[in-house]
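Subject: Structure handover and findings

Dear colleague,

I am passing on the structure below, followed by notes on what was found in it. Please keep it open beside you while you read.

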Amino acid sequence: MSNKKNLTVCLTPDIFCNYNISDDSIIVVVDLLRATTVISTAFHYGIKEIMPVSDLLQAKEYLNKDNYIVAAERDALPMEGFEYGNSPFQYMNDDISGKTLVLTTTNGTKAINCAQDYHVITSCFINLNVVSDFLIHSSRDIVILCSGWKGLFNLEDSVFAGCLSEKLILSNKYQTNCDSVLASRILYNQAQGNLFDFLSDSAHRRRLKSLNIEKDTEFCLDPSIKSDIIPTLVNGKLVRD
Ligand code: MLT
């Protein structure tokens, strides 16, 4: 009987309910462009905690509250009436230190909330190393949950899932019979070395390029910061691990 733990990749939250997930599994939510990169950037610059909310009305309740900043994005655009959007560059300053960020995005915050009954953490290239080390020593089943785009597959989250899956499988601590793990690893091995070019025709990269925010894509794919913080969902808020 193998003592290896199970590794699964779920390519979009809309099929998360089809997976048979053990209660003590760790769910790693990824929304590489850009929500989980924003989350790690904000923690790196001192945010106290992050409330991932799924709808705009809920986010609006926190506008003008002391020590709260509120960010809303839909279709990659910041929403009118909100001071913050979903660009990591908006959080690279000390103004946010010690505050609570209320964040609602098109896909990423929905994915986090869809898995809220489990042990949820978020990952991106900023905290990839600390997350993979944590998982390898966790002795828990792992589900890497890709945020996708409006219920559909997206390439960037799947490639990141392949990158993390590669590390976990090569640690010899995990086994899998999930074709999404196999597919994501193949994608990652195809993309390795030049992720930016590999994603050149991907839908979200083209969407961001059309909005003249390619610099966000460049940062998310090859961040200039690294963090040892593992954002962890506790009572509806992402806190430092
Ligand atoms: C998302 O949550 O779907 C993305 O992060 C959208 C974006 O590019 O801001």
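Helices (H or I, at least four residues) and strands (E, at least two) are DSSP runs, numbered from the N terminus. This is a predicted model, in which local features need pLDDT of at least 70 and side-chain atom pairs count only at pLDDT 80 or more, while totals for chains, interfaces and linings use all residues. Residues are numbered from 1 along each chain as its sequence is written, and side-chain values use heavy atoms, with hydrogens and water left out.

Threonine 41 belongs to helix H1, which covers residues 35–44. Threonine 41 has a relative accessible area of 0% and is therefore buried (under 20%, whereas exposed is over 50% and partly exposed lies in between, with a 1.4 Å probe and protein chains only). Setting aside neighbours within four places in sequence, threonine 41 is in contact with Pro88, Tyr91, Met92, Ile126, Phe219 and Ile225, where contact means heavy atoms within 4.5 Å.

Next comes a pair of helices. Helix H5 (residues 155–170) and helix H6 (residues 179–191) pack at an angle of about 100°, and their axes are 7 Å apart; axes are lines fitted to C-alpha atoms, for helices over the stretch in contact, and angles run from 0 to 180 degrees between N-to-C directions. H5 and H6 are therefore roughly perpendicular to each other (65 to 115 degrees; under 35 is roughly parallel, over 145 roughly antiparallel and the rest oblique). The residues of this contact between H5 and H6 divide into 10 nonpolar, 5 polar and 2 charged, where Ala, Val, Leu, Ile, Met, Phe, Trp, Tyr, Cys and Pro count as nonpolar, Asp, Glu, Lys and Arg as charged, and the others, Gly among them, as polar.

Finally, the pockets. A pocket is an open set of points on a 1 Å grid over the protein atoms alone, where a 1.4 Å probe fits, with protein on both sides within 12 Å along at least five of seven lines, and lining residues have an atom within 4 Å of a point. The largest pocket has a volume of about 230 Å³, a volume being the space filled by probe spheres set on the points, which are joined across faces, edges and corners. Of its 13 lining residues, Asn6, Leu7, Thr8, Asn20 and Asn177 are the closest to its centre. Strand S1 (5–10) gives the largest share of this lining, 3 residues. The second largest pocket holds about 170 Å³ of space, and H5 and H6 are among the helices that each supply at least two residues of its lining.

Best wishes
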